[in-house]
Amino acid sequence: MRIFNIFKVRKEERWLTLSMLLVFILFNGLLIASHYHTYTMGAHGGFWSIFTKHFRMSGYDNWSWITISGMRIHFVTNRHPLYLTFLYPLYLLNHWLIETVGYNFAVYFMATIIIFSAFYAVLFTYRVFREVMEMKQKDATLLTLLLFSFGHVLIPSMVPDHFIVSLMFLSMTLYIAGMKMKKGRLLTAWQSLILTFFTAGMATSNGAKILLAGLFTNGKKIFTAKFITIGIVLPFLLLLGIQQSQYYLLEVPQQAVIHHIEKESLKKDPQKVIEHKKQRNEWQRAHLGQPVGNGAITKWLDVKTPRVPTLVENFFGESIQLHQRYLLKDVSWERPIFVTYNWVLNYMVEAFVVLLFVIGIVVSCRQRFFQMLLAWFACDITLHLILGFGITEVYIMTAGWAFIIPIAYGFLLKKLSMKWQKSLRVALILLTAYLWIYNGGQTVYYLLNQ
């Protein structure tokens, strides 16, 4: 299977992908329209203030808009080494357009990337169900729609962050590795290089998942000099080289400019700067958990935030069903870490989703493809729930792991007798319809009332 030929949409896939394309265009359009005149201002500088004052959705970042608008880098490039490479050419084009017509196209450029990624995430997810798992077309369509009805799989398909791009590469990896396992073929070193380079380039933690995909697909044959050199070491060296080049060429000069601006601001109104920092630090200490330490790694880890409410309200709660109160608010600014639902129905739905997921795991755990997924899921559990990375807003990571839920349902559906298949299928149709109406409705309401 040639890795670049898989982007071609087949006849069977057109209705689903084109329908979802319209959905993604609609939501991206609503997001841009919510502050259209502000987002498209061709201001020379001041983009941080323009975007951060008006865009806040559950803690997702708008750094890509700011980077494309004025080449100010606010995200951590060693965790997203390839992201800036994607954005820099768009900045050059947008900079010329701002100078020429006085209009900022950053939101449109980023929306194009997001919609493209969401479109192919749908396509590859559908193929996992249809080709890897050999499910009926209607079941593959249903389970694909179910995944994208999850609250924080839907939201990344419109916000200017990297999560939906990661989902596209992860779902593509699932499809490629799954087909290799099914046909008894090996993942080549060059395929591993491409998958690792792009997937880990979006988020370095994804690199572990590509390594696991290679291990489960190739077994012991992964431990060859060619595969280790080309498929594992080389892509990480390339990413390191790109990140370091960007750091010294772009980030170091920017840091010097920012430091100068901060010094000048402190000279002009020291009391205002000090008071602002004090208020922000107090809020963050009270609402963002307690890091393990102040080191480069320990400052990102949190072992004190309670895990049980995290599981109930955030990991399996907000991830799948948005909360009515503090709807899509940002924990860094105005949302408590834990918010409860207004309706008992939400907890009933969550219990059903989790119970069915557990049953699906039990039924599927002997499948090699699903064992790979469990290994991926274990990485996310370890990183977010055990070590506590990003635990106070763990729901924004949903797109990186939630595909295991409908895949578990798919294996369960295949195992059941015809009678029970029909019952489960009806239940999944109702669940999918409910989540689309509930999460979609909540999101539209939020965007229209911004």
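Reader: Starting with the pair α9 and α10, what kind of crossing does α9 make as it passes α10?
Author: In this predicted model, α9 goes past α10 in a left-handed crossing.

Reader: And which residues make that contact?
Author: On the α9 side the contact is made by Val165, Ser166, Phe169, Leu170, Met172, Thr173, Ile176 and Lys180, while α10 contributes Gln191, Leu195, Phe198, Thr199 and Met202.

Reader: How do the axes of α9 and α10 cross?
Author: The axis of helix α9 (residues 163-183) and that of helix α10 (residues 189-202) come within 9 Å and cross at roughly 155°. That crossing makes α9 roughly antiparallel to α10, because angles over 145 degrees count as such.

Reader: Staying with α10, how many of its residues are buried?
Author: Of the 14 residues in α10, 11 are buried, so the helix is largely enclosed by the rest of the structure. Among them are Gln191, Leu195, Thr199 and Met202, and these four also belong to the contact with α9.

Reader: What span should α10 have, at 1.5 Å a residue?
Author: Its 14 residues should span 20 Å, and the end C-alpha atoms of α10 are 20 Å apart, which agrees.

Reader: Switching topic to Leu356, where is it placed?
Author: Leu356 sits in helix α15, which covers residues 344-364. That helix has 21 residues and reaches 30 Å from its first C-alpha to its last, close to the 30 Å expected at 1.5 Å a residue.

Reader: Is Leu356 buried or exposed?
Author: Leu356 is buried, because its relative accessible area is 10% and the cut-off for buried is under 20%. Leaving aside residues up to four places away in sequence, Leu356 touches Tyr409, Leu412, Leu424 and Leu428.

Reader: How far apart are Leu356 and Ile405?
Author: They are 49 residues apart in sequence, and their C-alpha atoms are 8.7 Å apart in space.

Reader: Which other residues of α15 are buried, and what covers them?
Author: Besides Leu356, the buried residues of α15 are Asn346, Val349, Glu350, Val353, Phe357, Gly360 and Ser364. Seen down the axis of α15, the buried residues fall within an arc of 135°, so they line one face of the helix. An α-helix has 3.6 residues a turn, so residues three or four places apart point the same way. The cover over the buried residues of α15 includes α14 (307-318), α16 (368-386), α17 (404-415) and α18 (418-448).

Reader: Which exposed residues does the face turned away carry?
Author: The face of α15 turned away from its buried side carries Val344, Met348, Leu355 and Val362, which are exposed.

Note on methods: Residues are numbered from 1 along each chain as its sequence is written. This is a predicted model: local features need pLDDT of at least 70, side-chain atom pairs count only at pLDDT 80 or more; totals for chains, interfaces and linings use all residues. Side-chain values use heavy atoms; hydrogens and water are left out. Helices (H or I, at least four residues) and strands (E, at least two) are DSSP runs, numbered from the N terminus. Buried means under 20% relative accessible area, exposed over 50%, partly exposed in between (1.4 Å probe, protein chains only). Contact means heavy atoms within 4.5 Å. The expected span of a helix is 1.5 Å times one less than its number of residues. The arc is that of the directions from the helix axis to the C-beta atoms. Axes are lines fitted to C-alpha atoms, for helices over the stretch in contact, and angles run from 0 to 180 degrees between N-to-C directions. Angles under 35 degrees count as roughly parallel, over 145 as roughly antiparallel, 65 to 115 as roughly perpendicular and the rest as oblique. A crossing is left-handed if the near helix is turned anticlockwise from the far one by less than a right angle, and right-handed if clockwise.
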